[in-house]
Amino acid sequence: MNTNNNVYTVIYTTVIVVIVAALLAFVSQSLKAKQEANEKADTISQMLTSAQYGTKAEISGLGNAAVLEKYAQEIDKAFVIDLEGNVLRDLDEMEVYSPKQLKRQNYNIKGGPNKTGEPELPVFLFKNGRTVVPIYGAGLWGPIWGYMSFDTDLKTIGGAYFDHESETAGLGAKIKDDPSFQQEFVGEVADFSSKNVFEIVKGGAPKDAEGKSVVDNKIDAISGATMTSQGLDAAIDTWLGAYAKYFMGNAPKKQHCGKCGHHHEGEEVESNEVEE
Amino acid sequence: MDAKLKETILNPIFKGNPITVLVLGICSSLAVTVTLKGALVMALSVIVVCGISSLILSLLRNTIPGRVRIIVQLVVVAMMVILVDQVLKSFEATYAIDKQLSVYIGLIITNCIVMGRIEAFALGNKPWPSFLDGVANGAGYGLILIIVAFFRELLGSGTLFGIDILNRFGYVPNNLVILPPFALILLGCIVWVQRSIQKDLQEK
């Protein structure tokens, strides 16, 4: 048989490609449920990590079932808000946002041709008092996303965990792999009144005399990963900016009490309210 | 087993090792050797992809049109790589390791060992020897990966398979070992050792 015949070549390649495509489609469909279960457990372990229930390795090491169980135990409230900070609906039990859903909301926040509707942003309140919100954006090679948790004052960062699809190993991938980078966020304060809610700065964040990071909304970027650092900075600004009204509206009021000279947190002091 | 078949299996493991002698697959061997677990999964993936792609293409070898043979090889290898990636993603035990290896599983398709063995061996030999050749070359690659990963994880993290070995004796993990350049140095040392044992490899 002449295998160099044109008709033979075209038919041969067509048949091969169709067989391979059908096989891959079949495998992809039959494994989808398992893959989604793994992804969900991974997403939940990322949220638990950012809420400081342990390191990512510790939490993931529990196994999928135990991670879901821990989440069910520790979650207090989970709901969806709009850009004004109003609660739209409660999330179903065990419902979380996959990276794909975050991507859709990212378009909705930023607007433009890919916008499909008004943003619906998830908020997760954990029983240890921390509020966890997601972030999503573009790194150098692909999407980056993650979770940040805030203490009860709704501005001090309790923890952060970031993930990525294809950042450079050893450089941009450090947003996920380097625990010391994620540790830098802890204790810093987001500035929800500003457009730059949080900044990842080149050349070092401001330090005090003892060489410790000043409590502000700046941390040091990753050397050799300028684009990933900038992408993460933009992602955090976009998402925390979208949550700003919720955080500012629900933050405990801190007022100076004229009578005793102390700061009171979380309670309204009537004597300072001026009725008009 | 006849001598020729034995040679097919043993040659790629040491005498004609794809990494240290043919110098193929260097890129991924620098990238995935930070932990033993990662190296092991990568090695097994390459063995599966290499073995089965060689088998399929050897079965098809007399029907493949000569002018598009590279494209047909590419389609088959890509299919195997995607299958391996999908399967790794589906199991709880391998999901995390697949995420850690991320692009490198997908990049097995660019590993010169796979296409190199298909082009050089599978297209001219019967299915069974081709399959063994693919597996053996994957194993030769995997062997070097595991040797490199053993030293990198032991010295870079003080652990083996994530189990603490050196840290309990007050060992401070060496960060240089974690970085890819150290893998290249280690690889150089392995080539050095092999060339001093195998004198015929030395250039005059």
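Residues are numbered from 1 along each chain as its sequence is written, and chains are lettered from A and ligands numbered from 1 in the order in which they are written. Because the model is predicted, local features need pLDDT of at least 70 and side-chain atom pairs count only at pLDDT 80 or more, while totals for chains, interfaces and linings use all residues.

**Chain A**

Chain A has seven helices and 10 strands; these are DSSP runs numbered from the N terminus, with helices (H or I) of at least four residues and strands (E) of at least two. The C-alpha trace of chain A spans about 100 × 45 × 40 Å along its principal axes. Of its 276 residues, 32% count as buried. A residue is buried if 20 or more other C-beta atoms lie within 10 Å of its own, exposed if 12 or fewer, and partly exposed in between, with C-beta atoms placed from the backbone. Among the contacts in chain A with a separation of 6 or more, 57% are between residues 24 or more positions apart. A contact here is a pair of residues whose C-beta atoms, placed from the backbone, lie within 7 Å.

Ala78(A) lies in strand E1 (residues 75-81) and is buried, with 21 other C-beta atoms within 10 Å. Leaving aside neighbours within four places in sequence, Ala78(A) is in contact with Asp90(A), Leu91(A), Pro122(A) and Phe124(A). Ala78(A) and Pro122(A) are 44 residues apart in sequence, and their C-alpha atoms are 7.1 Å apart.

Glu184(A) is in helix H6 (residues 179-185) of chain A. Glu184(A) counts as partly exposed because it has 19 C-beta neighbours inside 10 Å. Outside the four places on either side in sequence, Glu184(A) is in contact with Ser213(A), Ile219(A) and Asp220(A). The C-alpha atoms of Glu184(A) and Val10(A), 174 residues apart along the chain, are separated by 58 Å.

**Nonpolar cores**

In soluble globular proteins, nonpolar side chains tend to be buried together. A nonpolar core is taken as a set of buried Ala, Val, Leu, Ile, Met, Phe, Trp, Tyr and Cys residues joined through C-beta atoms within 7 Å. The largest such core has 50 residues, and those with the most contacts inside it are Met148(A), Ile236(A), Trp239(A), Leu240(A) and Tyr243(A). Helix H7 (residues 226-250) of chain A gives the largest share of this core, nine residues. Not counting residues up to four places away in sequence, Ile236(A) touches Ile135(A), Val197(A) and Phe198(A). Apart from this core lies another, of 45 residues, among them Ile19(B), Cys50(B), Leu101(B) and Val135(B).

Two packed helices are described by the angle between their axes and the distance between the axes. The axes are lines fitted to C-alpha atoms, for helices over the stretch in contact, and the angles run from 0 to 180 degrees between N-to-C directions.

| Helix pair | Axis separation | Angle |
|---|---|---|
| H8(B) (residues 127-156) and H10(B) (residues 180-197) | within 10 Å | roughly 125° |
| H4(B) (residues 69-90) and H5(B) (residues 92-101) | 5 Å | about 125° |
| H3(B) (residues 36-60) and H8(B) | within 8 Å | roughly 165° |

Angles under 35 degrees count as roughly parallel, over 145 as roughly antiparallel, 65 to 115 as roughly perpendicular and the rest as oblique. H8(B) is therefore oblique to H10(B), H4(B) and H5(B) are oblique to each other, and H3(B) is roughly antiparallel to H8(B).

In the contact of H8(B) with H10(B), Ile144(B), Ile147(B), Val148(B), Phe151(B) and Arg152(B) meet Phe182(B), Ala183(B), Leu186(B), Leu187(B) and Ile190(B). These residues divide into nine nonpolar, no polar and one charged.

Between H4(B) and H5(B), Asp85(B), Leu88(B) and Lys89(B) meet Thr94(B), Tyr95(B) and Asp98(B). By class, this contact has two nonpolar, one polar and three charged residues. The contact of H3(B) with H8(B) has 19 nonpolar, nine polar and two charged residues.

How values were computed. Two residues are in contact if their C-beta atoms, placed from the backbone, lie within 7 Å. Ala, Val, Leu, Ile, Met, Phe, Trp, Tyr, Cys and Pro count as nonpolar, Asp, Glu, Lys and Arg as charged, and the others, Gly among them, as polar.
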